[in-house]
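Please look over the sequence and the model shown here before reading on.

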Amino acid sequence: MSGGPEPISAEGLRAVREELAQLRAERGEVAATLRGVEPVGDRADAADELQRASEVTRLDRRITELETRLREAEVAGEPSVRVVGVGSTVTLRFGDGTEETVEIAELAEERDLTLVTFDSPLGKALLGRHPGERVHYETPAGAASAEVLSVGGTA
């Protein structure tokens with residue numbers, strides 16, 4: 001991303017909040033199984049306890065990442081209509097002359113073919129670009145290019 005707070009689309013915001021709620025619930029369930037300072041039984045019990053403690057640590061890290069993302073999105077506000085960023089809708093003209101409007105998102109959604117993740121080759125090429133600029137990126141089929149026709153805010 002740009003290194004500073006990035007806006008987030010309404011769909012991305014919903015997805016982050018949903019994942020955060022799921023992780024908090026899962027963390028609560030796993031943490032409830034930890035024994036704390038009580039002596040652990042045999043080696044298998046100790047290994048199981050260690051694995052659950054590691055899982056709580058992993059969940060805590062991801063929860064912190066998502067909470068930080070939500071705070072940054074709040075500070076960043078709405079996506080710019082002058083420059084491509086996360087949450088922007090972008091109308092492109094590809095090398096073959098076809099035009100398509102896509103949304104730059106953080107998370108890929110299988111059901112939405114118009115989402116382009118910010119860390120994909122096209123997404124990386126688009127971030128920070130303005131209307132009229134041409135971007136070049138790699139696809140599985142080779143090099144490709146597109147012209148940015150317009151930039152809008154959240155779809």
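E55 is partly exposed, with a relative accessible area of 23%, where buried means under 20% relative accessible area, exposed means over 50%, and partly exposed lies in between (1.4 Å probe, protein chains only). The model is a predicted one, in which local features need pLDDT of at least 70 and side-chain atom pairs count only at pLDDT 80 or more, whereas totals for chains, interfaces and linings use all residues. Residues are numbered from 1 along each chain as its sequence is written, and side-chain values use heavy atoms, with hydrogens and water left out.

E55 has its place in helix α2; helices (H or I, at least four residues) and strands (E, at least two) are DSSP runs, numbered from the N terminus. When residues up to four places away in sequence are not counted, E55 touches E26 and V30, a contact being heavy atoms within 4.5 Å. E26 lies 29 residues from E55 along the chain, and the C-alpha atoms of these two residues are separated by 9.8 Å.

## Salt bridges

A salt bridge is taken here as a side-chain nitrogen of Lys or Arg within 4 Å of a carboxyl oxygen of Asp or Glu, and by this rule the count comes to 13 salt bridges. E55 takes part in one with R58, the closest N and O atoms being 2.6 Å apart. Both residues lie in helix α2, three residues apart, which is about one turn of the helix, and R58, with a relative accessible area of 39%, is partly exposed.

E19 forms a salt bridge with R62, with 2.9 Å between the closest N and O atoms. This pair links distant parts of the chain, since E19 belongs to helix α1 (residues 10-32) and R62 to helix α2 (residues 43-76), 43 residues apart. E19 is partly exposed at a relative accessible area of 23%, and R62 counts as partly exposed at 26% relative accessibility. The side chains of R129 and E133 also meet in a salt bridge (3.3 Å, N to O); E133 is partly exposed with a relative accessible area of 26%, and R129 is partly exposed with 27%.

## The five-stranded sheet

An open sheet of five strands has the order β3-β2-β1-β5-β4, with mixed pairing, where two strands pair if DSSP finds at least two bridges between them. Its edge strands are β3 (115-117) and β4, each of which pairs on one side only. On average, and with direction ignored, neighbouring strands of this sheet are turned by 45 degrees against each other; the axes behind such angles are lines fitted to C-alpha atoms, for helices over the stretch in contact, and angles run from 0 to 180 degrees between N-to-C directions.

Strand β1 (residues 89-94) pairs with strand β2 (residues 99-105) in the antiparallel sense over five bridges. Within this pairing V90 has V102 as its bridge partner, and L92 stands opposite E100. The hairpin of β1 and β2 has four residues between the strands, and there G97 takes a positive phi near 95 degrees. Strand β1 is also joined to β5 by six bridges, the two running antiparallel, and T91 stands opposite S150 in β5. β1 is mostly covered, as five of its six residues are buried. In a regular strand the side chains alternate between the two faces of the sheet.

Strand β4 (residues 134-139) and strand β5 (residues 142-152) pair in the antiparallel sense over six bridges, with Y137 opposite A144 in β5. These two strands form a hairpin with two residues between them.

## Overall make-up

The protein has three helices and five strands, and from the N terminus on the elements run α-α-β-β-β-α-β-β. Of its 155 residues, buried residues make up 35%. Among the contacts with a separation of 6 or more, 54% are accounted for by residues 24 or more positions apart.

The protein exposes about 9300 Å², of which carbon and sulfur atoms supply 52%. Accessible areas come from the Shrake-Rupley method with a 1.4 Å probe, and for residues only the protein chains shown count as cover.
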